[in-house]
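The exercises below each set a task on one part of the model and then work through it step by step. Please keep the sequence and the coordinates at hand while reading the solutions.

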Amino acid sequence: MSTGSVESNRNIAIHTDCITKTFGKISALNNVSLDLDKGMSVALVGANGAGKTTFMKTICGLSKPSAGRISVLSRVPDLASSKFVSSVAYLDQRHPLYEFFTVEDTIRFGAECNPNWNADEASAALELFQLSRDAKVKGLSGGQRAQLALILAMYKGSQIMLLDEPMASLDPLSRSLARDLVNRTRSQDSLLLISSHIIGELQEMCDFLVLFSRGQVKLVGTFRELVSQWEDGDIVTTDARRIPNSGNLSNDLEGLVNAILLEERYVSANVGPAAGGFE
């Protein structure tokens, strides 16, 4: 794979051209082609092991494609480039943090490492989540670690923000607060990608959906476009009972996603092992 700039429309934040990622005989990503523009808020959905995490790691340079081509902000991902590293924020679903740091140490480290760090917003988020600056990271609960990791990602000041299951460890109140914070960080100059299994929650933060299944992209479009296409018969599923009729956008979209994933599972069960199997 070549390095350096890649020719691209300046509004396109991420361009992938037939990227594949294999681990031995398993394809975590299989021929994925997508263009995602600045200003978009994108929900990544799919079953466990569908390829969502691998896709995010490929974008931020933690994983290199086995085949195909990717450009991020018109460049090939390069972790040796400080400019690239500062332009992409990635929240790992495992929330890796330095255990021996305090919360204050962690925030200070984020500020020192990121030239576009938003100190005021980060401090306000600490107060909102009621995180003690003197608390040791190793003594934080799982939910508190998730809150701190989310603050590090959101206020890095990056043009691309990748949040992998950011709400999974949070209690209901913290989830609501986190959704509000995420929505405040959205802008026309940045791209937001969030993975989750809860469609209703994603609808509050995103307007565009990408469905992964077994390493492939199965659906791409805005929430309303996809439900309308299903209602009009442009998207066909074999389970007629799941045709949307609730009048609730998130419920109808969840029905569509589940119908497609059930068909994928049926095909996999009847034809044997298929691609996929990694996050």
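**Exercise 1. Describe how the side chains of E201 and R175 meet, and where in the chain the two residues lie.**

Solution. The side chains of E201 and R175 form a salt bridge, with an N to O distance of 2.9 Å; the term stands for a side-chain nitrogen of Lys or Arg within 4 Å of a carboxyl oxygen of Asp or Glu. Helices (H or I, at least four residues) and strands (E, at least two) are DSSP runs, numbered from the N terminus. Finally, both E201 and R175 are buried, where buried means under 20% relative accessible area, exposed over 50%, and partly exposed in between (1.4 Å probe, protein chains only).

This is a predicted model, in which local features need pLDDT of at least 70 and side-chain atom pairs count only at pLDDT 80 or more, while totals for chains, interfaces and linings use all residues. Residues are numbered from 1 along each chain as its sequence is written, and side-chain values use heavy atoms, with hydrogens and water left out.

**Exercise 2. Work out which salt bridges E104 forms with R108 and with R133, and how these partners are placed.**

Solution. Begin with R108, whose closest N and O atoms with E104 are 3.5 Å apart; both residues lie in helix α3 (residues 103–113), 4 residues apart, which is about one turn of the helix. E104 is partly exposed at 22% relative accessibility, and R108 is also partly exposed, with a relative accessible area of 40%. Then turn to R133, which meets E104 in a salt bridge of 2.6 Å, N to O. Because R133 lies in the loop between α4 (119–129) and α5 (142–154) while E104 is in helix α3, this pair ties together parts that are 29 residues apart in sequence. R133 is partly exposed as well, with a relative accessible area of 27%. The count of salt bridges comes to 9.

**Exercise 3. Determine how strand β8 (residues 208–213) is covered and how β8 pairs with β3 and β9.**

Solution. Start with burial: 6 of the 6 residues of β8 are buried. In a regular strand the side chains alternate between the two faces of the sheet. In β8, F208, V210 and F212 are buried on one side, and L209, L211 and S213 are buried on the other, so that both faces are covered.

Next consider the pairing, for which DSSP must find at least two bridges between two strands. Strand β3 (residues 41–45) pairs with β8 in the parallel sense over 4 bridges, and V42 has F208 as its bridge partner in β8. Strand β9 (residues 216–222) runs antiparallel to β8 and is joined to it by 6 bridges, with S213 standing opposite Q216. The hairpin formed by β8 and β9 has 2 residues between the strands, and R214 in the turn takes a positive phi of about 50°.

**Exercise 4. Decide how far helix α1 (residues 52–59) is enclosed, and what follows the helix.**

Solution. Of the 8 residues of α1, 7 are buried, and the helix is therefore largely enclosed by the rest of the structure. Among the buried residues are F55, M56 and I59. Just after α1, G61 has a positive phi of about 90°.
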